[in-house]
Amino acid sequence: MLKRTALYPAHREMGARMVEFGGWEMPVQYRGVIEEHLAVRHAAGLFDVSHMGEIEVKGPQAEAFLQELCVNDVSRLSNGQAQYTAMCYPTGGVVDDLLIYRFDGEHFLLCVNAANTDKDFAWIEQVLEDSDFSAVKCRNVSADFAQLALQGPAAVTILARLTDTALERIASYHFYEGLVAQVPCILSRTGYTGEDGFELYCHPEAALTLWRALLEVGGDEGLLPAGLGARDTLRLEMKYPLYGHELSPEITPLEAGLGWITRLDKPSFIGREALLRQQEAGIPRRLVGLLLTEAGVPRAGYPVFHGGEPVGVVTSGTLSPSLRQGIAIALVRDGLQRPGTLLDIGIRQRRVTAEVVKTPFLRK
Amino acid sequence: MEFPEELKYTEEHEWVLVEDDLVTVGITDFAQDSLGDVVFVELPEVGVKVEAGKPFGVVESVKAVSDIYAPVSGEVVEVNEELPETPEVLNTSPYEDGWMIKIRISDPGELDELLDADAYREFIEEE
């Protein structure tokens, strides 16, 4: 039985096409992926992302515990700040990528991928059990939160109509607890689209009120409800990784281009030794951005060739609605990541030429 | 959703316009709606022989790849050359500008296998 978010009735009402995603029945599109995608790029889109998981970490050693659990440097966070990070296995493979919110030094909230919530929580519990951080308390609080993502250049204007919170004082990757449409929310200036915007966490019982209020005040700014289809094409244009595609237990953050969040200079974290070894031995595979030089739509799983020889695989691909060209993220052999390198993607019986390009694909 | 009475249909969601031994083929309103935004179309060359029930082309939306099956056997005598340049026409005009190929049929008996509009409507309601 698939889980449903608190906004399920609203999705049905608006005629959304529903699909299974990570154990949830989610809207993939309302009116069309391309229209919703372009609304987010040029105006604003509203996404139901309530399927995401939330895990609370509390206690006097919470920060030290997260420092061991995650690859990024948690000690750099101030109260009210968020950080993109990942958890690794001792092998260096990725458990999940996530956001950490710091309320204070003894209170953090982790936002994790929907399909991984149970696995992540079990992993965190196990790490806790095997460690000396006995004062740390973790709870899977996913059922206490719905999450709406309001994204796009008009997002701030729209949100300002429903809140007294001084939005201009919430910098990127910061958050604030306030009221939106009289609903208590965490207002987080984060997102997965490459646009300015907010992710709003609220109690599931208030989610419908918040959803309807936002769509009502945002209509004249061009706000559209947007589904997972547009969420995927938007993140792909930014080359943001998606767990299960660009990240997995078989792919390290160094291979996935997440060296910038992997603080090997921290004295200790799970996976550090393996990642250091990989760094020293040479990173064997690289995630590259590929732009097709001819017509075609690359998809996850398509093989990648260089001079006729197989060198990797497409991890995600689509037709970029902004560029109107095929774009792909591919995991390829080290040495082929230089922009300008020409590779071939096997699309059914054809070999289609694609160029390694600098990412994000879309530059503003 | 529209299913013109003058057309025949297949369970793979193609439509067929029969004019003597020449049939025009495209995808139905239901098919284009299910696919979503069509972004890529691959069609055969003129002269290719197609076989009933076998794929002759591909339609891709943002989210999915779909084979297009020949409703009848025969030879491709005309191809909508504009379609690969303007694949979105499949969404906006599936029965007119979105036509895909014309086939000269080799076995008129295969036409009896096709559904009429009512039968097709019933079929998709059950699906």
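Mentor: Contact here means heavy atoms within 4.5 Å, while helices (H or I, at least four residues) and strands (E, at least two) are DSSP runs numbered from the N terminus. The model is predicted: local features need pLDDT of at least 70 and side-chain atom pairs count only at pLDDT 80 or more, whereas totals for chains, interfaces and linings use all residues. Residues are numbered from 1 along each chain as its sequence is written, chains are lettered from A and ligands numbered from 1 in the order in which they are written, and side-chain values use heavy atoms, with hydrogens and water left out.

Trainee: Why is helix α2 (residues 33-42) of chain A called largely enclosed by the rest of the structure?

Mentor: Buried means under 20% relative accessible area, exposed over 50% and partly exposed in between, computed with a 1.4 Å probe on protein chains only. Seven of the ten residues of α2(A) are buried, so the helix counts as largely enclosed. The seven are Val33(A), Ile34(A), Glu36(A), His37(A), Ala39(A), Val40(A) and Arg41(A).

Trainee: Which elements do the buried residues of α2(A) pack against?

Mentor: In chain A they pack against β2 (24-29), β3 (44-48), β9 (146-151), β13 (223-225) and α7, and in chain B against β4 (38-42).

Trainee: How do you know that His245(A) is to be called partly exposed?

Mentor: Its relative accessible area is 32%, and this value is set against the limits already given, so partly exposed is the class that applies. His245(A) lies in the loop between α7 and α8 (272-281) of chain A, where it touches Ile251(A), Ala300(A), Thr315(A) and Ser316(A), leaving aside residues up to four places away in sequence. Arg212(A) is 33 residues from His245(A) along the chain, and their C-alpha atoms are separated by 33 Å.

Trainee: What makes a set of residues a nonpolar core, and which members touch the most others in the largest one?

Mentor: The term covers buried Ala, Val, Leu, Ile, Met, Phe, Trp, Tyr and Cys residues joined through side-chain atoms within 4.5 Å. The largest such core has 43 residues, and Phe47(A), Tyr101(A), Leu109(A), Ile186(A) and Leu247(A) touch the most other members. Elements of chain A that give two or more residues to this core are β5 (81-88), β6 (94-104), β7 (107-112), α7 (228-237), β14 (285-292) and β17 (325-333). A second, separate core of 33 residues includes Leu46(A), Ala155(A), Leu187(A) and Leu214(A). As for Leu109(A), its contacts beyond four places in sequence include Tyr101(A), Phe103(A), Val141(A), Phe145(A) and Ile186(A).

Trainee: Why is chain A said to be as compact as a globular protein of its length?

Mentor: Chain A comes to eight helices and 19 strands. The radius of gyration is taken over C-alpha atoms, and the globule rule is 2.2 Å times the number of residues to the power 0.38. For 364 residues the rule gives 21 Å and chain A has 21 Å, so the description holds. Buried residues make up 60% of chain A.

Trainee: What radius of gyration does chain B have, against that of a compact globule?

Mentor: With 127 residues, a compact globule would have a radius near 14 Å, and the 13 Å of chain B agrees. Chain B has three helices and nine strands, 54% of its residues count as buried, and its C-alpha trace spans about 35 × 35 × 20 Å along the principal axes.
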